[in-house]
Amino acid sequence: MKKYVLSLAVLSVTLFSACNEDNEKQQYEIPVSKGAYVVGSGNTSSGIPGNLTYYDYTTRKATPDAFGAANSGMKLGMTANDAMCYGEKFYIVVDGENTVFVTNAKTLKVIRKIDMTASAMLGTDGAHPRRITAEGDKIYVSTYGGYVAAIDTLNFSLVDKYKTGPYPEGICVVNGTLLVANSDYGNGNASISMIDTTTKTEKVLRHENIRNPQDIAIDGTGIYFLDYGQYGDAPTYAQKNAGVYRISGTDTDNFSVTKVIADATGMACAGTKIYTYNAPYAYGVTNPVTYSVYDTQTGMTSSVSPVDIESPAAIGVDPLTGDLFIASYHMVTSEYGTYADYSSNGYVNVYDSSFNKKGTFDCGVGPQRIAFNFTTETIEY
């Protein structure tokens, strides 16, 4: 999972050494985590724009609307969807605005606003950008137009584009191979794409267990994806078959898809561990929420019970510190019953690797994704 974590968290860090004249000391640059970002989608039906909250590890304080504070009150727009720190830049994907904001990773000041539907980008195929990852000198952005765009990190021009299956969501890239979770919006034609970015050749994996894939990861034991499954009939429309699945083999005529975490609707990866929560949808029904940790090396799953979470909305793991972040909606009670409040601010709990609670902070409306602020520090040895 390490390759995936480094491509998702995107630690653009190079280790180097430089000796002084007497060859007594060497300088090293090491990766350091400085804080966490919580991307909030807002609420389109209520006219609430997306938001970005920043949690500083040193001060243990959260800055609400960190994006607006850094940019004279500028708004992200509707449905902020994903974010990533890569090198000296921080990228924010905003679905409803067809936009990727490029900001300075230290200050969050906007460097460029990329219109994914511009003629120099993807045109109409760039509508509704969804997820982002990076490798080398390119960022990769999936769009509901059915493409992944490769964009230069220096001049922000379109380097290439890759056709995918319908409604692609999660992506990761490892050694020039793009893995794309094509959700088909749950309509029955979902798949996983494996695209060689050099030759632009694509393998398409289809299987009865690939129903509505959302996030995707890879390590030496296989490809892992979070699948939302499907929704049942009225009156509850209960979600079923959601979980984490492993793909073994990449030959389109000879591969298997096995469920490794039986119940999951959220996933985060770090090292050899996959952390999940399960909060399945069922209209008018409150299901118990469960949490688990899966070890890709041993194949063992452990149930865990992080405290003080009402209705999980997003999960992330800092790959350097091992700290776990779980974002939640607040639950409210009215004459119609008890339900998650999608129009009010949420909150995030922080846990160590043993699931001991370390702290909590407020975030914006509709917490969607959690990204981490990585930088480098120079040490002498």
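## The second largest cavity

Tyr275, Thr276, Tyr291, Ser292, Val304, Pro306, Ile315, Leu324, Ile326 and Phe355 line the second largest cavity of this predicted model. A cavity here is a set of points, on a 1 Å grid over the protein atoms alone, where a 1.4 Å probe fits but cannot get out, and lining residues have an atom within 4 Å of a point. Strands are DSSP runs of E, at least two residues long, numbered from the N terminus.

By class, the lining has eight nonpolar residues, two polar and no charged ones. Ala, Val, Leu, Ile, Met, Phe, Trp, Tyr, Cys and Pro count as nonpolar, Asp, Glu, Lys and Arg as charged, and the others, Gly among them, as polar.

Now let us turn to a loop residue. Thr265 sits between β21 (254-261) and β22 (266-270), and Thr265 counts as buried because its relative accessibility is 8%, with buried meaning under 20% relative accessible area (1.4 Å probe, protein chains only).

Beyond neighbours within four places in sequence, Thr265 is in contact (heavy atoms within 4.5 Å) with Leu226, Tyr228, Gln239, Ala242, Tyr277, Asn278, Ala279 and Pro280. A polar atom of the Thr265 side chain lies 2.9 Å from the backbone nitrogen of Ala279.

## Reading the numbers

Residues are numbered from 1 along each chain as its sequence is written. In this predicted model, local features need pLDDT of at least 70, side-chain atom pairs count only at pLDDT 80 or more, and totals for chains, interfaces and linings use all residues, while side-chain values use heavy atoms, leaving out hydrogens and water.

Technical notes. On a 1 Å grid over the protein atoms alone, a cavity is a set of points where a 1.4 Å probe fits but cannot get out, and a pocket is an open set with protein on both sides within 12 Å along at least five of seven lines; lining residues have an atom within 4 Å of a point. Helices (H or I, at least four residues) and strands (E, at least two) are DSSP runs, numbered from the N terminus. Buried means under 20% relative accessible area, exposed over 50%, partly exposed in between (1.4 Å probe, protein chains only). A polar contact is a pair of N or O atoms within 3.5 Å; within protein, one must be able to donate a hydrogen and the other to accept it, and residues adjacent in sequence count only if both atoms are side-chain atoms.
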